[in-house]
Amino acid sequence: MEDRIAFYKKLKENLNQDTIFPSKYLYKFIVPSDEVKIKQVEDLFDFGGAVINKNVSKTGKFTSVSIHIIMTSADDVIEKYMAAEKIEGIISL
């Protein structure tokens, strides 16, 4: 848990240093190729303007989900990552 807190603290510092908000942000996730899990990821970003691209792996076991969206602050970016962590089997890139 402390590793996650340190990770998000560092991410927030980097975002605030390198990004002028509001800004377009790219989220990338790998999820098991389960329609329910993919839908859960899509639902996290279901507030207008998100462009979502999905690609299934060669074996069909996993799906990469890329989301381009305008975010208003580093805290909002981190909030989405934290919400995504609750989806079983998800990997954030």
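Visitor: In which strand is the place of S66?
Guide: This is a predicted model, in which local features need pLDDT of at least 70, side-chain atom pairs count only at pLDDT 80 or more, and totals for chains, interfaces and linings use all residues. Residues are numbered from 1 along each chain as its sequence is written, and side-chain values use heavy atoms, leaving out hydrogens and water. Strands (E, at least two residues) and helices (H or I, at least four) are DSSP runs numbered from the N terminus. Residues 62–71 form the strand that holds S66, namely strand 3.

Visitor: Does S66 count as buried or exposed?
Guide: Buried means under 20% relative accessible area, exposed over 50%, and partly exposed in between, with a 1.4 Å probe and protein chains only. Because the relative accessibility of S66 is 15%, this residue counts as buried.

Visitor: Does D46 count as buried or exposed?
Guide: D46 is located in the loop between helix 2 (35–44) and strand 2 (51–56). Its relative accessibility is 62%, and therefore D46 counts as exposed.

Visitor: Which residue in strand 4 is the bridge partner of F29?
Guide: Strand 1 (residues 23–32) and strand 4 pair in the antiparallel sense over two bridges. The bridge partner of F29 in strand 4 is S92.

Key. Two strands pair if DSSP finds at least two bridges between them.
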